[in-house]
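Q: I have a model open and a few things to ask about it. Can we go through them one by one?

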Amino acid sequence: MASSKPLLADLASLGVNHVPSNYIRPISDRPNLSDVEMSDASIPLIDLQDLHGPNHSLIKSHGIPEDMINTILSTAIDFFKLPESERLKSYSDDPTKTTRLSTSFNVKTEKVSNWRDFLRLHCYPLEDYIQEWPSNPPSFRKNVAEYCSRVRALVLTLLEAISESLGLERDYIDKALSKHGQHMAINYYPPCPQPELTYGLPGHTDPNLITILLQDQVPGLQVLRNGKWVAVNPIPNTFIVNIGDQMQVISNDRYKSVLHRAVVNSDKERLSIPTFYCPSPDAVIGPAKELIDHDHPAVYKHFTYAEYYEKFWNRGLAKECCLDLFKNSTA
């Protein structure tokens with residue numbers, strides 16, 4: 001059954017009791033929910049309070065107030081509760097648009113749909129994009145702009161620490177990104193009548209540099225570790241930090257991009273808000289020369305981020321990482 005409604009939320013609101021055929025995964029590519037491990041202390045909780053203090057090497061204090069977190073989550077859900085006609089003002093299936101509401105992943109190229117709607121926003125520099133963001137709910141632009149600015153400050157702090165951890169100058173990664181880019185998605189996953197048949201998003205790595213993920217209190221995120229999917233259940237007022245593909249390239253494989261997926265459930269809607277920090281499209285990305293030597297040859301070619309991003313969107317969320325297309329033939 002294909003729906004005439006472009007957005008999943010409006011299809012789901014009709015009270016469907018089975019998953020339409022275009023959402024059903026092949027048997028070999030289903031979530032296998034009974035085989036998922038629960039997260040434990042092996043996913044570290046990091047407190048940034050001592051980043052510049054005497055306990056620097058021990059490094060939760062991420063600097064984003066609890067009330068701001070609550071505000072952005074409530075603003076996001078308010079947007080998805082707007083009337084369909086109001087939400088559709090932002091609708092587009094063109095991945096090159098810098099502000100767009102859409103569904104699944106890339107409806108133009110994919111064979112199987114994903115159980116999510118999403119609003120995707122470019123948000124750095126703010127003044128270049130804020131006027132094209134939704135104007136409803138009325139506080140949307142103000143609340144999202146404040147949140148984006150705070151998350152960007154958190155990212156820049158993390159990038160300095162990661163540069164240092166690699167033995168690079170503190171500003172190395174900052175400078176490698178050219179003019180920088182920042183995108184944000186608000187992912188809305190309606191309740192799904194048959195969650196074992198589909199995904200919110202199938203397993204993938206993020207094409208950007210680093211992702212800061214805010215979740216509501218409904219589980220759904222899973223990461224692949226040692227060949228097993230592990231549920232990363234939400235902890236209030238914390239963020240998940242995901243290493244993306246560009247960090248794997250710059251670090252010449254010292255840091256690994258995280259394979260992760262979103263599963264859905266039958267009784268609760270779920271909201272997640274990832275911030276994708278990335279190079280600007282013109283930035284030329286490659287392994288840091290300080291991390292290349294006889295024992296560690298350059299694993300990747302140099303490429304522009306625009307080249308990488310285009311490949312990522314056009315090939316869909318294929319199982320293997322997009323990085324494989326940019327490896328040196330000797331790697």
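Q: Which ring does the charged end of R152 sit over?
A: The charged end of R152 sits over the ring of Y124, 4.0 Å from its centre. A charge counts as over a ring if NZ of Lys or CZ of Arg is within 6 Å of the ring centre and within 35 degrees of the ring normal.

Q: Before I go on, what kind of model is this?
A: This is a predicted model, where local features need pLDDT of at least 70, side-chain atom pairs count only at pLDDT 80 or more, and totals for chains, interfaces and linings use all residues. Residues are numbered from 1 along each chain as its sequence is written, and side-chain values use heavy atoms, with hydrogens and water left out.

Q: OK, aromatics. How many aromatic pairs does the structure hold?
A: Eight. Rings of Phe, Tyr and Trp (its six-membered ring) pair if their centres lie within 6.5 Å; planes under 30 degrees apart count as stacked, over 60 as edge-to-face and the rest as tilted. One of the pairs is F80 with Y188, which is stacked at 5.1 Å centre to centre with 15° between the planes.

Q: And where in the chain are F80 and Y188?
A: F80 is in helix 2 (residues 66-80) and Y188 is in strand 4 (residues 181-189), so the pair links parts of the chain 108 residues apart. Helices (H or I, at least four residues) and strands (E, at least two) are DSSP runs, numbered from the N terminus.

Q: Are F80 and Y188 buried or exposed?
A: Both are buried. Buried means under 20% relative accessible area, exposed over 50%, and partly exposed in between (1.4 Å probe, protein chains only).

Q: Which residues form a cluster with them?
A: F79, F80, F140 and Y188 form one aromatic cluster.

Q: What about Y305 and Y309, stacked or tilted?
A: Tilted, because their ring centres are 5.6 Å apart and their planes are at 35°. Both residues are buried.

Q: Switching topic: where is R254?
A: R254 is in the loop between helix 7 (245-250) and strand 10 (260-262). R254 is partly exposed, with a relative accessible area of 37%.

Q: What does R254 touch?
A: Leaving out residues up to four places away in sequence, R254 touches L166, L291 and H296; contact means heavy atoms within 4.5 Å.

Q: Last one. What stands opposite V223?
A: H260 in strand 10 does.

Technical notes: Two strands pair if DSSP finds at least two bridges between them.
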